[in-house]
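Please keep the sequence and the model in view while reading.

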Amino acid sequence: MPVIIAVATHCDRLRPVREWNPPYNIQQPDNAKAHSIRQACDAMAHDLSLPLNCIVPVCLAAEKPAYNIEDGLMPLIHEHLNAAQWVRFLRCLRQQQAESYWRQWRKQALQAGQLIFNIGKK
């Protein structure tokens, strides 16, 4: 399976809306905002059939400092980068094998046609 990382944006807009005091520990929520973020991530994980550790809550609102990009999203991308490159390699390998198969099949068909043509001449 390819690596899938879901980014839960706008987590600053979850209830309680007026509260925004990051960082939030969603692994063990200790306040209402962290609990809301955890519930949103749980729902995304369920709906997308992804493990919870592949859901990253972030905030990129212009009026607020970026949240959980350098501490959460970037390390997760880096962690899964090798696996993603491996999946890409396998996909390219399958494509190459398919192209090689059809090239070989075409070559054999041409050779068979030439053989039949040469037998017909004799």
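R15 is found in the loop between strand 1 (6-8) and helix 1 (32-48), where helices (H or I, at least four residues) and strands (E, at least two) are DSSP runs, numbered from the N terminus. The model is a predicted one, in which local features need pLDDT of at least 70 and side-chain atom pairs count only at pLDDT 80 or more, while totals for chains, interfaces and linings use all residues. Residues are numbered from 1 along each chain as its sequence is written, and side-chain values use heavy atoms, with hydrogens and water left out.

With a relative accessibility of 67%, R15 counts as exposed; here buried means under 20% relative accessible area, exposed over 50%, and partly exposed in between (1.4 Å probe, protein chains only). When neighbours within four places in sequence are set aside, R15 is in contact with A32, K33 and S36, contact meaning heavy atoms within 4.5 Å.

**Backbone geometry**

Most residues other than glycine have a negative phi, and most peptide bonds are trans. Against that background, a cis peptide bond joins R15 and P16, with omega at about -10 degrees, and P16 lies in the loop between strand 1 and helix 1. A cis peptide bond also joins P22 and P23, with omega at about 5 degrees, and P23 belongs to the loop between strand 1 and helix 1.

S49, which is not a glycine, has a positive phi of about 55 degrees; S49 is placed in the loop between helix 1 and strand 2 and counts as exposed at 66% relative accessibility. N68 has a positive phi too, near 70 degrees, in a residue other than glycine. N68 is found in the loop between strand 2 (55-57) and helix 2 (69-121), and N68 is buried, with a relative accessible area of 18%. A polar atom of the N68 side chain lies 3.2 Å from the backbone nitrogen of G72. Not counting residues up to four places away in sequence, N68 touches V56, P57, V58 and L73.

**Charged pairs**

Side chains of opposite charge can pair when their charged atoms come close. The structure holds two salt bridges, a salt bridge being a side-chain nitrogen of Lys or Arg within 4 Å of a carboxyl oxygen of Asp or Glu.

| Salt bridge | N to O distance |
|---|---|
| K64 and D12 | 3.0 Å |
| D42 and R38 | 3.1 Å |

K64 lies in the loop between strand 2 and helix 2 and D12 in the loop between strand 1 and helix 1, so this pair ties together parts that are 52 residues apart in sequence. K64 is partly exposed, with a relative accessible area of 24%, whereas D12 counts as buried at 5% relative accessibility. D42 and R38, by contrast, both lie in helix 1, four residues apart, about one turn of the helix, and D42 counts as partly exposed at 33% relative accessibility.

**Aromatic rings**

A pair of aromatic rings is described by the distance of the centres and the angle of the planes. A search of the whole structure finds four aromatic pairs; rings of Phe, Tyr and Trp (its six-membered ring) pair if their centres lie within 6.5 Å, with planes under 30 degrees apart counted as stacked, over 60 as edge-to-face and the rest as tilted. One of these is formed by W20 and Y24, whose ring centres are 5.5 Å apart and whose planes stand at 45 degrees, so the pair is tilted. W20 and Y67 form an edge-to-face pair, at 5.3 Å centre to centre and 85 degrees between the planes. This pair links distant parts of the chain, with W20 in the loop between strand 1 and helix 1 and Y67 in the loop between strand 2 and helix 2, 47 residues apart. W20 is buried, with a relative accessible area of 18%, and Y67 is buried at 7%. Together, W20, Y24 and Y67 form one aromatic cluster.

**Cysteines**

The structure holds zero disulfides, a disulfide being a pair of cysteine sulfur atoms within 2.5 Å. For C11, the nearest cysteine sulfur, that of C59, is 5.7 Å away, and C11 counts as buried at 3% relative accessibility.

Definitions and conventions:
A polar contact is a pair of N or O atoms within 3.5 Å; within protein, one must be able to donate a hydrogen and the other to accept it, and residues adjacent in sequence count only if both atoms are side-chain atoms.
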